[in-house]
Amino acid sequence: MAYPGYGAAPGGAPVAQDPLYGYFAAVAGQDGQISADELQSCLTHSGISGSYKPFSLDTCRLMINMLDRDMTGTMGFNEFKELWQVLSGWRNTFASYDRDRSGTVEGPELQVALNSMGYNLSPQAMKSIMGRYSTNSRITFDDFMSCCVRLRALTDQFRRRDTTQTGNATFQYDDFIQVTMST
């Protein structure tokens, strides 16, 4: 089954296939979608995590939720391509702060990394992040990615509700639960 936009160009001439499509197609079913466990397999086989441990299933669920615009709980190829770009950027950021290549970063390094990504968080917010994602004051690559996914998703949801762009938003309780549970 050809994926829309791939295969033959108008007039029947073949076009170059996106190199990422091979990773995607290897796990996607006939519906052209991948689930969290399929995403985990795909990312593991693609080598996106480099020398770090493969992503946990929970992190893969978060990745899908971050980009799941049609709310299917799965990811199509265009969403996968967007995820790949985001993950590559985050991986490079993590690697630049994991200078000893231990697969972890410490709290101060995490704060600088997040600042470089545009997240200017208070010391209290950083303490919450460290409490959630660190073990012995160190954050693994998988937990870094999970943290980045949650920060992006929460920030996106907050910005949608901050209509005046003042750093203030109003949430109904049910809306707040939906936003925090889906990220």
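This is a predicted model: local features need pLDDT of at least 70, side-chain atom pairs count only at pLDDT 80 or more; totals for chains, interfaces and linings use all residues.
Residues are numbered from 1 along each chain as its sequence is written, and side-chain values use heavy atoms, with hydrogens and water left out.

**Overall layout**

- The protein has eight helices and two strands; helices (H or I, at least four residues) and strands (E, at least two) are DSSP runs, numbered from the N terminus.
- Along the sequence, these elements follow the pattern α-α-α-α-β-α-α-β-α-α.
- Of the 183 residues in the protein, 40% are buried, where buried means under 20% relative accessible area, exposed over 50% and partly exposed in between (1.4 Å probe, protein chains only).
- Taking contacts (heavy atoms within 4.5 Å) between residues at least 6 apart in sequence, 54% join residues at least 24 apart.

**The nonpolar core**

- A nonpolar core here is a set of buried Ala, Val, Leu, Ile, Met, Phe, Trp, Tyr and Cys residues joined through side-chain atoms within 4.5 Å.
- The largest such core has 46 residues, and L39, L43, F80, W90, L110 and F144 touch the most other members.
- Two or more residues come from each of α1 (19-27), α2, α3, α4, α5 (107-116), α6 (123-133) and α7.
- The biggest giver is α4, with nine residues in this core.
- Beyond its neighbours within four places in sequence, F144 is in contact with W90, T93, F94, L110, A113, M117 and I139.
- As background, nonpolar side chains tend to be buried together in soluble globular proteins.

**Where α2 meets α3**

- Helix α3 (residues 57-67) has T59, C60, L62, M63, I64, M66 and L67 buried, and their cover includes α2 (36-46), α4 (77-97) and α7 (141-161).
- On the α2 side the contact involves A36, D37, L39, Q40 and L43, which meet L57, C60, R61, M63 and I64 in α3.
- The residues of this contact divide into seven nonpolar, one polar and two charged; Ala, Val, Leu, Ile, Met, Phe, Trp, Tyr, Cys and Pro count as nonpolar, Asp, Glu, Lys and Arg as charged, and the others, Gly among them, as polar.
- A36 belongs to α2 and is buried, with a relative accessible area of 12%.
- Leaving aside neighbours within four places in sequence, A36 is in contact with L57, C60, R61 and I64.
- A36 and L57 are 21 residues apart in sequence, with 6.4 Å between their C-alpha atoms.

**Residues of α7**

- D142 is placed in α7 and is buried, at a relative accessible area of 14%.
- Not counting residues up to four places away in sequence, D142 touches P54, F55, S56 and T59.
- A153, also found in α7, is buried with a relative accessible area of 10%.
- The C-alpha atoms of A153 and V179 are separated by 8.5 Å, although the two are 26 residues apart along the chain.

**Cysteines**

- Searching the whole structure gives zero disulfides, a disulfide being a pair of cysteine sulfur atoms within 2.5 Å.
- For C42, which is in no disulfide, the nearest cysteine sulfur is that of C60, 9.4 Å away.
- C42 counts as buried, at 2% relative accessibility.
- C147 is in no disulfide either, and its nearest cysteine sulfur, that of C148, is 5.5 Å away.
- C147 counts as buried, at 2% relative accessibility.

**Loops with positive phi**

- Most residues other than glycine have a negative phi.
- R101, in the loop between α4 and β1 (104-106), has a positive phi of about 55 degrees although it is not a glycine.
- R101 is exposed, with a relative accessible area of 54%.
- N136 has a positive phi of about 55 degrees and is not a glycine.
- N136 counts as exposed, at 72% relative accessibility.
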